[in-house]
Amino acid sequence: HDHLLYHSKEIKALGANPPKLLSLDFDAKNRNETLKFFPAIEDWALEEDYEEQTFKEFKEMERWKVEEGRKTIYLLPLGELPEETLALDLFREFIAAYFQLPTKIMDSVELRWNKSKCELFQDPYLYPITTKKSKDFPSVHRIHTLGLMNVLEELLPSDGYCLFAITMEDLYENYSAKDKCDQIILGRGSGDRVGVVSLFRFDPLLQKRLERRTLKEKKRGRNELDYSNEQKREFLIGVCKTMAHEAMHMFGLDHCVYFSCCMNSNVAPDEYKTEFTDPLWLCPIDLRKLQEATGMEIM
């Protein structure tokens, strides 16, 4: 991948007068050392035709700005979350550290299911949510991501920069009523400052959980669903990477086409597995964008 690294395209994308720690203008002596931290993007991620987003384009684009009185990131527990998946305080600490902005957990919001119909209840309102039966898991109805996000816009507090829902429900998207091929969604974030992440496909005990649901044995001993340390580690890494990626879309960052980076698009065939191996770090170009968006300090 050497031909992709540190060409004029990448240096131009970083923009003029970058902070010293983000500079790509290394001499030959230091360059090899730097490449260990910012390797080239993987071949499969180059297959999609994504437009570049330079720092200059990001800075000049129309987008919501973080400002006094509107800078808090809100996390919203959505629907029932099994006890063993509850890591809300950890997710809050991770997001607060990653974006260096105040991060708060909201009171949970109820999802009311009646067979295949779902409504989001936020007293005194009921919002209908589009669902569809899963082909992968016959006992599961997925929630339509874009319809859900339209509702989330109504729940964003006035002092919030963005709202991120966390749910155990499976998510899907299609772009027209004629689409027969639904896209599995692990998370989604938009420039409208709302997003959602699903814990469903990250759950290492998903199959056991579905069997228990099917057999209606919800009172079976909880120890049977305890995570091992390694399972918990993989679960947390996958969810945190997805949250970071989707939250950055809410700040206006597009997918990265320059380096191996947290903002690469997940276009691998087994998409949700890549969340455990994709990098959590940002490349210099996207880190500079995030600094511009949040005002964060780069040590």
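**A helix across a sheet**

Tutor: Helix α5 lies across β7 (141–144), β9 and β10, and runs at about 55 degrees to β7. Helices (H or I, at least four residues) and strands (E, at least two) are DSSP runs, numbered from the N terminus. Angles run from 0 to 180 degrees between N-to-C directions, and axes are lines fitted to C-alpha atoms, for helices over the stretch in contact. This is a predicted model, in which local features need pLDDT of at least 70 and side-chain atom pairs count only at pLDDT 80 or more, while totals for chains, interfaces and linings use all residues. Residues are numbered from 1 along each chain as its sequence is written, and side-chain values use heavy atoms, with hydrogens and water left out.

The sheet itself is open and has four strands in the order β6-β7-β9-β10, with mixed pairing; two strands pair if DSSP finds at least two bridges between them. At the edges stand β6 (131–133) and β10 (183–185), each with a single partner strand, so one side of each has no neighbour in the sheet. On average, neighbouring strands here are turned by 45 degrees against each other, direction ignored. Strand β9 (residues 171–173) runs antiparallel to β10 and is joined to β10 by three bridges. Within this pair, E173 stands opposite Q183 of β10.

T145 belongs to helix α5 (residues 145–155). T145 has a relative accessible area of 0% and is therefore buried (under 20%; exposed is over 50%, partly exposed in between, with a 1.4 Å probe and protein chains only). Apart from neighbours within four places in sequence, T145 is in contact (heavy atoms within 4.5 Å) with L171, Y172, E173, I185, R188 and V196.
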